[in-house]
Amino acid sequence: MKELERDDPLELVGVGYPAAVALETDMATARCLIEEFALTGFSASDIGSLFGSPSYGLPHAILQRRGEEFVRDLITEVFGGRR
């Protein structure tokens with residue numbers, strides 16, 4: 001196994017971005033996440049639970065910034081009005 005190098009380009013690095021950018025991209029990002037989870041078989045209820053869990057950092061951050069109604073409306077939209 002290759003040893004981790006200090007300047008390894010594959011090293012996982014978290015990058016923050018300004019809150020204003022976050023609000024602009026939340027809609028597309030949240031919708032993409034919801035669609036991906038739905039395509040893998042998660043129910044609307046399961047996906048709502050993921051957004052509510054701090055263990056899922058990105059979905060949870062979107063829920064904290066935009067609120068439950070925002071997430072609930074997107075989930076309903078992706079599932080075609082059925083929950």
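Analyst: Here is a walk through the labels, one question at a time. The model is predicted, with local features needing pLDDT of at least 70 and side-chain atom pairs pLDDT 80 or more, while totals for chains, interfaces and linings use all residues. Numbering runs from 1 along each chain as its sequence is written, and side-chain values use heavy atoms, with hydrogens and water left out.

User: How many helices and strands does the protein chain have, and how are they defined?

Analyst: There are 4 helices and 0 strands, in the order α-α-α-α. Helices are DSSP runs of H or I with at least four residues, strands are E runs of at least two, and numbering goes from the N terminus.

User: Why is Asp26 called buried?

Analyst: Its relative accessible area is 1%. Buried means under 20%, exposed over 50%, and partly exposed in between (1.4 Å probe, protein chains only), so Asp26 counts as buried.

User: And what makes Asp26 and Arg65 a salt bridge?

Analyst: The closest N and O atoms are 2.8 Å apart. The term asks for a side-chain nitrogen of Lys or Arg within 4 Å of a carboxyl oxygen of Asp or Glu, so the pair qualifies. Asp26 sits in helix α1 and Arg65 in helix α3, 39 residues apart. Arg65 is partly exposed, at 35%.

User: What makes Arg31, Glu35 and Glu77 a network?

Analyst: Salt bridges link the three. Arg31 pairs with Glu35 at 2.9 Å, N to O, and with Glu77 at 2.5 Å, N to O. Arg31 is in helix α1 and Glu77 in helix α4, so that pair ties together parts 46 residues apart in sequence. Glu35 and Arg31 are 4 residues apart in helix α1, which means about one helical turn lies between them.

User: How do you know that the buried residues of α2 are on the same side?

Analyst: Ala44, Ile47, Leu50 and Phe51 are the buried residues of α2. They cover an arc of only 115° around the axis (taken from the directions from the helix axis to the C-beta atoms), so they lie on the same side of α2.
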